[in-house]
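Please keep the sequence and the 3D view open while you read.

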There are 2 protein chains.
Amino acid sequence: MTDSPTDVVTMDKIVALCKRRGFIFRSSEIYGGVASTYDYGHYGVLLKNNVKAEWWRAMLQERDDVVALDAAIIMHPRTWEASGHLAGFTDPLVDCRTCKQRFRADDLKAASCPRKPSKHPGEYDECDLTEAREFNLMFETTVGPVREAGATVYLRPETAQGIFVNFKNVLQFSRRRPPFGIAQVGKAFRNEITPGNFIFRTREFEQMELEYFVPPDEADRWFEYWLAERFGWYTGLGIRADHVRLREHGPEELSHYSRATSDVEYLFPIGWSELEGIANRGDYDLLRHAEFSGDKLEYVDSSTGERYVPHVIEPSAGADRSALAFLVDAYDEEDVEGETRTVLRLHPRLAPVKAAVLPLVRRDGQPELARAVYDRLRPVAQVEYDEGGSIGRRYRRQDEIGTPWAVTIDGQSVEDQTVTIRDRDTLAQERVAIEALPAELRRRLEAPWRTPKPGAPAPQPDSTTA
Amino acid sequence: MTDSPTDVVTMDKIVALCKRRGFIFRSSEIYGGVASTYDYGHYGVLLKNNVKAEWWRAMLQERDDVVALDAAIIMHPRTWEASGHLAGFTDPLVDCRTCKQRFRADDLKAASCPRKPSKHPGEYDECDLTEAREFNLMFETTVGPVREAGATVYLRPETAQGIFVNFKNVLQFSRRRPPFGIAQVGKAFRNEITPGNFIFRTREFEQMELEYFVPPDEADRWFEYWLAERFGWYTGLGIRADHVRLREHGPEELSHYSRATSDVEYLFPIGWSELEGIANRGDYDLLRHAEFSGDKLEYVDSSTGERYVPHVIEPSAGADRSALAFLVDAYDEEDVEGETRTVLRLHPRLAPVKAAVLPLVRRDGQPELARAVYDRLRPVAQVEYDEGGSIGRRYRRQDEIGTPWAVTIDGQSVEDQTVTIRDRDTLAQERVAIEALPAELRRRLEAPWRTPKPGAPAPQPDSTTA
């Protein structure tokens with residue numbers, strides 16, 4: 001067993017596993033693919049749906065003060081004037097007149113000159129770079145049947161603005177008073193010139209955003225609260241505490257709207273990278289939308305008459321990069337009886353499949369009994385039946401997709417109606433009566449999950465959240 | 001109690017309830033809204049998430065032969081050449097040179113002349129209509145930072161094509177053989193000139209599509225199978241069997257790719273309208289993508305060497321219009337003690353909130369005990385706590401959002417640790433020990449739901465599926 005999965009995991013191994021097991025494919029692959037665009041296959045959909053369901057659970061089911069929202073991707077174009085995206089959501093780009101390529105002017109060191117790959121653009125004699133020009137990152141399209149007659153609209157570059165423009169409706173119809181939050185999960189689109197690193201940065205991605213509205217004098221306190229809360233969400237779902245950290249933005253990094261921002265960062269194979277940004281946005285957004293819409297966006301206490309514009313704390317997470325972090329953190333290889341076993345040590349609540357039902361052999365009534373066991377478990381959770389190939393090979397397959405428990409039907413099962421449950425991580429086997437299996441699976445799914453993972457150092461959240 | 005909800009429900013009542021209770025708002029309302037675009041509020045998100053979860057459950061958890069997929073919205077543009085959308089996904093439109101308005105040429109009777117609303121476009125003397133021209137319904141945008149340098153791409157007008165272009169990957173990596181299906185839930189976009197009827201037809205909408213691949217000689221049988229299966233999904237989730245029907249397309253209605261299509265239709269207040277189309281698409285899609293990609297898209301049996309292009313049965317449902325149908329079908333008004341009670345008789349699995357925990361009064365230790373009860377139930381399901389206003393008013397609120405059970409904490413509760421459970425539909429109250437509540441809630445959520453709804457005629461699926 002390795003001491004730490006960071007010793008063995010690489011992005012190439014994750015990409016290969018994702019393709020081999022049908023988690024994630026290159027998009028439109030039969031047409032040569034689309035750059036930096038990916039499609040989720042069977043286990044990928046189940047994993048990502050579980051990530052989103054856990055986020056919703058943390059926001060809605062486990063708290064009283066957050067309501068859900070699902071706004072349209074194509075919003076009123078005034079939204080992007082008010083938010084500042086139309087004027088300021090840009091990257092500075094330069095063209096090379098020689099090689100006709102385009103680069104981010106502020107990140108030339110990250111690119112190679114196509115003619116002389118050992119040099120950066122502008123460093124090679126033949127490079128002939130233009131001045132930098134600002135290009136907006138929003139995808140533009142037209143509503144109405146023809147371009148000349150239609151209205152220009154944008155694919156939202158973030159879900160947040162859908163929340164701000166609905167603030168008044170939610171306040172009016174959901175009987176809320178600050179502090180309260182509005183949560184949204186959905187697609188956003190950014191026409192980035194340099195996406196990359198698998199599903200870490202893509203032009204089309206899914207956000208999980210909370211806008212938490214608070215009395216102005218409580219903003220600092222709630223900012224600290226959400227830092228701890230969101231850090232704990234990742235570690236609670238199994239991310240090793242020493243693979244995740246909070247990093248405070250310096251003054252030069254802060255967006256114009258932000259009074260304070262900290263990123264939750266994960267130690268990806270590409271280095272520490274942002275999983276989630278948590279920002280104290282002050283009253284910037286509500287004031288801007290009030291100005292552009294002419295509506296008052298404020299809270300009025302009907303009993304005291306007190307009125308104020310709430311301040312906003314925004315924990316903004318990426319569903320795709322969270323899924324990637326859970327995959328990377330779960331990835332492990334270990335030596336079992338002279339062979340390398342690849343295993344995803346996913347938290348059971350995130351695992352695409354909760355249990356696999358496997359007859360030891362394809363005869364002696366075992367497949368029939370296994371099918372009956374399978375039918376009893378499927379109302380409880382997503383389970384799989386597999387009778388193809390040797391039992392060892394079937395275990396390895398389930399290990400690779402992170403299935404926490406394998407239920408094996410053997411010769412004894414046919415005689416005494418018991419089965420073994422094999423634990424993905426410890427490989428321990430426990431014999432259980434078939435009668436008790438549904439309740440046992442439910443119990444295991446609801447029980448607190450063991451931490452730390454095998455081989456991982458003890459979590460030290462205090463040292464990283466300090 | 002009314003005999004049938006169709007007697008009382010209207011689209012206006014549904015729209016008003018959706019706004020009043022925060023299910024669905026006009027999009028970007030502070031900017032005057034966006035035509036035919038809606039945002040889902042708290043209860044709307046919960047309802048629609050439940051609709052999608054039930055579709056996934058029926059496709060994945062309750063069957064062995066379907067795998068999930070989540071493809072990108074912006075696909076390779078060759079996809080739309082192969083699918084025929086680039087050439088043929090058009091509406092014929094005419095302009096009026098007098099009033100500068102644009103109309104669907106094939107549906108002028110549905111429009112009013114802006115100058116003379118009692119007449120249709122073209123009927124009034126001053127109308128001066130152009131010849132009809134074909135306009136593509138796909139939203140177009142550009143990948144890459146500037147239009148002149150970027151590639152033209154399209155927002156997918158259906159999720160189906162994401163499945164066809166991934167057929168080869170899924171076949172290779174998921175060890176499937178026909179018959180098997182690939183299921184997808186996601187947004188699609190159509191630049192319709194005449195959307196309308198609330199969330200029934202919008203430019204941005206969410207599909208739940210299955211492409212089911214079968215041996216060619218089994219296509220007719222599987223087509224019939226999916227008609228019955230999908231009809232049963234709606235009635236199983238509480239839609240009255242006499243409010244839903246299957247309607248076979250006539251030869252003149254069939255799309256060019258379709259060998260047979262039947263719609264599942266629901267009796268909306270606007271009349272019988274399509275909920276879901278179920279089509280026998282033959283081998284059209286796989287052959288087209290094989291032709292345009294140069295890849296072989298066929299199934300090869302490795303043991304027999306048999307090879308063929310599977311035929312496709314496609315049940316294609318709308319998540320938004322399904323949610324609307326569930327709302328409409330659940331809507332009821334009845335007279336209770338001289339007052340009109342509005343109630344959503346939603347299936348418990350679809351209901352946004354499963355139980356409300358309500359202290360009868362705000363004193364005598366009842367709120368504290370109610371909070372404790374609430375904390376015990378929230379790990380089980382989405383539950384709500386409410387102590388504001390009279391108990392009657394709080395019941396009405398929960399009735400309007402369709403909460404199946406209200407758990408009331410009264411004077412006796414504080415003494416003997418029991419509560420009453422009030423049934424939304426029958427108004428019957430049952431006293432239960434607090435200790436037993438979590439298991440009781442779980443049991444009720446998993447139990448078969450009573451059908452028919454109060455006041456509804458007995459389901460007669462045989463007569464409508466025949």
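Helices (H or I, at least four residues) and strands (E, at least two) are DSSP runs, numbered from the N terminus. With that in hand, the loop between helix H6 (167-173) and strand S9 (180-189) of chain B is where you will find Pro179(B).

A word on the ground rules comes next. This is a predicted model, in which local features need pLDDT of at least 70 and side-chain atom pairs count only at pLDDT 80 or more, while totals for chains, interfaces and linings use all residues. Residues are numbered from 1 along each chain as its sequence is written, chains are lettered from A and ligands numbered from 1 in the order in which they are written, and side-chain values use heavy atoms, with hydrogens and water left out.

**Backbone details**

Pro179(B) is joined to Pro178(B) by a cis peptide bond, with omega about 0°. In chain A, Pro178(A) and Pro179(A) are also linked by a cis peptide bond, with omega about 0°. Pro179(A) sits in the loop between helix H6 (167-173) and strand S9 (180-189) of chain A. Another residue to look at is Asn197(B), which has a positive phi of about 60° although it is not a glycine. Asn197(B) belongs to the loop between S9 and strand S10 (204-214) of chain B.

Strands of a sheet pair through backbone hydrogen bonds, either parallel or antiparallel. Here, two strands pair if DSSP finds at least two bridges between them.

In chain A, 3 strands make an open sheet in the order S5-S4-S6, with antiparallel pairing. Strand S5 (102-104) and strand S6 (133-136) of chain A are at the edges with a single partner strand each, so one side of each has no neighbour in the sheet. From one strand to the next, the twist averages 45°; axes are lines fitted to C-alpha atoms, for helices over the stretch in contact, and angles run from 0 to 180 degrees between N-to-C directions. Strand S4 (residues 90-95) of chain A pairs with S6(A) over 4 bridges in the antiparallel sense. Look for Pro92(A), which stands opposite Glu134(A) in S6(A).

Chain B has an open sheet of 3 strands in the order S5-S4-S6, again paired antiparallel. Its edge strands, strand S5 (102-104) and strand S6 (133-136) of chain B, each pair on one side only. Neighbouring strands of this sheet are turned by 50° against each other on average, direction ignored. Strand S4 (residues 90-95) of chain B runs antiparallel to S5(B), and 3 bridges join them. Leu93(B) has Arg104(B) in S5(B) as its bridge partner.

**Where the chains meet**

How many residues does each chain bring to the contact? Chain A gives 83 residues and chain B gives 83 residues, where contact means heavy atoms within 4.5 Å. About 6900 Å² is buried between chain A and chain B, and carbon and sulfur atoms give 52% of that area. Buried area is the accessible area (1.4 Å probe) that two parts lose on being put together, summed over both. In chain A, the residues that lose the most area to chain B are Ile30(A), Tyr31(A) and Gln61(A), together 12% of what that side buries.

**Salt bridges**

Side chains of opposite charge can pair when their charged atoms come close. The rule used here asks for a side-chain nitrogen of Lys or Arg within 4 Å of a carboxyl oxygen of Asp or Glu. Over all chains, the whole structure holds 109 salt bridges, and 8 salt bridges cross the interface of chain A and chain B. The table gives some examples.

| Salt bridge | Closest N to O distance |
|---|---|
| Arg175(A) and Asp386(B) | 3.5 Å |
| Arg259(A) and Asp283(A) | 3.6 Å |
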